[in-house]
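Morning, everyone. Please have a look at the structure first.

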Amino acid sequence: MVVASGPWLELELGRKDVIEVEDWAEIRRLHRAEGLAIKEIARRVGVARNTVRTALRADGPPSYEREPRAWAVDAFEPQIRALLAEHPRMPATVIAERIGWERSMTQLKLRVAELRRLFVPPDPVQRTDYAPGELAQWDLWFPPVDIPVGVDQVARPPVLVGVAGYSRWLVARMIPSRQAHDILSGHLACLIDLGGIPKVGVYDNEPALAARHGGRAKPTEAFDRFRGVLGMGAVFCKPGDPEAKGLVERANRYLETSFVPGRSFDDVADFNIQLAGWLQKANRRQHRTLRCRPLDRIVEDRRAMMAFPPVLPDAALRFSTRIARDHHVRVDTCDYSVHPKAIGRRVEVRVDLDHVVVLLAGDEIARHPRSLAKHRTITDLAHVAARAALRTRPAAVDIDDVEVRDLAVYDRVLGVA
């Protein structure tokens, strides 16, 4: 039975058992806008005159409540209270056993949850809030999928994931390895995608970024050079404390459950292309904690971030080596060809996320796509042609450049002259 509450109880005595909100609104319109009498309003709406008077006197629309339904668990409530008073955290399954409950557990669990609050003191936690541009959390995620890297080889390269604290804007990029130069190069690419530099970055104890000495994390020299150019601070979490960077840990799970399933990838480049497209949609979703989209906050977040310096840090791997007669350089486990004119000379090798570049006296003499497949030899056909030309060309000697010994010297030494 539906029962009216408050001043609407007397409406049950009218021509209608209950009055609808629509009727209430119409009664007030007819009275205030058209100035009709109560008798005429009652005739038009089809309610009693007392109902019209009550509607005009009421401060708000009618509200209705259903009579509370009796539950089978009501008879067991005193026993439940007694058990909770002695053991406030007793599980509902144990309570069911103690009171002899044989009906649906759902009904019992709901009642236990209501009553448990009376005996267990509240345990509030602090909600972590971040100021715009304050920080971003970073982590390596290893997707459980094999990525083709060439010549029938597959690998599972890491993905660098970052989450801005204020806006929850998500950035990510697959990188070739966990080496410092790859992580930092990927880090710079992700910061560019983020659109600014947060004042502080939060990291776990990745060996390429920090080493722990005496319980304290000390950034590596490469990471110090990188963040020093950007002017960015760094905080390293304690070992075994994933909650300290819970934003990015949840982002990793989100990627694993929402991005990877049902997808296939041709190579690392294809993975990053698909990931970039998915991130555009992910950053426009409704965030469960913020109750808004990261897109709605990123403008304010970027405005408070630090701007990029005029010269960005170069995180690529650089080393110098002397070119042997086979004119190849080794990077990781692969050999890359170099123009044979560099044989015997010292060159500089630069390795970034995508290419291996060789420089001779500042001039580029070799550029190869970086291979993630292991134990390969990558040769440029132009280098092969140059080698063949050098091997078939006769050695040209200019007679004018050869010193001729004066034979009169021997006569003077022997005393003949």
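Let me start with what lines the second largest pocket: 11 nonpolar residues, 2 polar and 5 charged. Keep in mind that this is a predicted model.

That pocket has a volume of about 370 Å³. Its lining counts 18 residues, and those nearest the centre are Val268, Ala269, Asp354, Arg370 and Leu372. Which elements give two or more residues to this lining? They are strand β4, residues 147-150, strand β7, residues 170-174, and helix α10, residues 268-282. Of the lining, α10 provides the largest share, with 3 residues.

Now the largest pocket. Its volume is about 500 Å³. There are 17 lining residues, and Arg168, Leu247, Arg250, His287 and Thr289 are the closest to the centre. Which helix gives the most to this lining? It is α9, which covers residues 246-259 and contributes 5 residues. By class, the lining of the largest pocket has 6 nonpolar, 6 polar and 5 charged residues.

A word on the general idea: rolling a probe the size of a water molecule over the atoms shows where empty space is left. How many cavities of 30 Å³ or more does the structure hold? The count is 1. The volume of the largest cavity is about 80 Å³. Around it we find Trp138, Asp139, Leu140, Leu160, Ile183, His187, Tyr203, Asp204, Glu206 and Leu209. Strand β3, residues 135-141, and helix α7, residues 180-194, each supply at least two residues of that lining. The largest share is from β3, with 3 residues. Sorted by class, the cavity lining has 6 nonpolar residues, 1 polar and 3 charged.

Last, the outside. Val413, Leu414 and Val416 make a nonpolar surface patch of about 360 Å². Leu414 belongs to helix α13, which spans residues 408-414. Is Leu414 buried or exposed? Its relative accessible area is 67%, and the cut-off for exposed is over 50%, so Leu414 counts as exposed.

Note on methods: Residues numbered from 1 in each chain as written. Predicted model: local features only at pLDDT ≥ 70, side-chain atom pairs only at ≥ 80, totals over all residues. Heavy atoms only, no water. 1 Å grid on protein atoms, 1.4 Å probe; cavity = no way out; pocket = protein on both sides within 12 Å on 5 of 7 lines; lining within 4 Å. Points joined across faces, edges and corners; volume = space filled by probe spheres on them. Helix = DSSP H or I, 4+ residues; strand = E, 2+ residues; numbered from the N terminus. Nonpolar A, V, L, I, M, F, W, Y, C, P; charged D, E, K, R; others polar. Patch = residues over 30% accessible without salt bridge, like charges linked within 9 Å, V, L, I, M, F, W, Y side chains within 5 Å. Areas by Shrake-Rupley, 256 points an atom, 1.4 Å probe, with all protein chains shown as cover. Salt bridge = Lys/Arg side-chain N within 4 Å of Asp/Glu carboxyl O. Buried < 20%, exposed > 50% of the residue type's maximum accessible area, 1.4 Å probe, protein only.
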